[in-house]
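Please walk me through this model, from its secondary structure to its core.

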Amino acid sequence: GKFDDLAGMGKPLPSLEDDTTLSTDRHTLVTNRVLAHNGVKPAWIQQRAEIEEAVKHARAELRLCWDLSGDAGPPEFASSHCAWFREFVDTVNARIDHYNLVAP
């Protein structure tokens, strides 16, 4: 057909890391390649992992708070623990707000 004689037919496509047609200078391309090959991740990826861990912790604390609010423990402890939980959730939500501003 019409596409049988294209240049590069049968060869692998070039890596995007080496694509100089992108609006990225050579220094940035090399820097990104070195960082990626050494396992360095962008800060927003690390922030996401930390947020996910905090959410897991918050869920565990919510279960504890729920258990303590019943007959499982003294009401004053449950009340203070639930207040702490609310503050913790506010902190996690602030981290999520920041993450939403920096993540692509």
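The paragraphs below take up confidence, the order of elements, the surface and the core.

This is a predicted model, in which local features need pLDDT of at least 70 and side-chain atom pairs count only at pLDDT 80 or more, while totals for chains, interfaces and linings use all residues. Residues are numbered from 1 along each chain as its sequence is written, and side-chain values use heavy atoms, with hydrogens and water left out. The pLDDT, the predictor's confidence in each residue from 0 to 100, has a mean of 78 over the protein chain, and 77% of the residues reach 70 or more.

The protein chain has 3 helices and 0 strands, in the order α-α-α from the N terminus. Helices (H or I, at least four residues) and strands (E, at least two) are DSSP runs, numbered from the N terminus. Among these elements, helix H1 (residues 26–37) has the lowest mean pLDDT, 80, and H2 the highest, 85.

Of the 104 residues in the protein chain, 15% are buried, that is, under 20% relative accessible area with a 1.4 Å probe, protein chains only. The accessible surface (Shrake-Rupley method, 1.4 Å probe) comes to about 8,500 Å², and carbon and sulfur atoms hold 59% of that area.

The largest nonpolar core consists of 5 residues: Ala54, Ala58, Phe85, Phe88 and Val92. Helix H2 (43–69) and helix H3 (75–102) each supply at least two of its residues, with H3 giving the most, 3 residues. A nonpolar core is a set of buried Ala, Val, Leu, Ile, Met, Phe, Trp, Tyr and Cys residues joined through side-chain atoms within 4.5 Å.

Leaving aside neighbours within four places in sequence, Phe88 is in contact (heavy atoms within 4.5 Å) with Ala54, His57 and Ala58.

Notes
Buried < 20%, exposed > 50% of the residue type's maximum accessible area, 1.4 Å probe, protein only.
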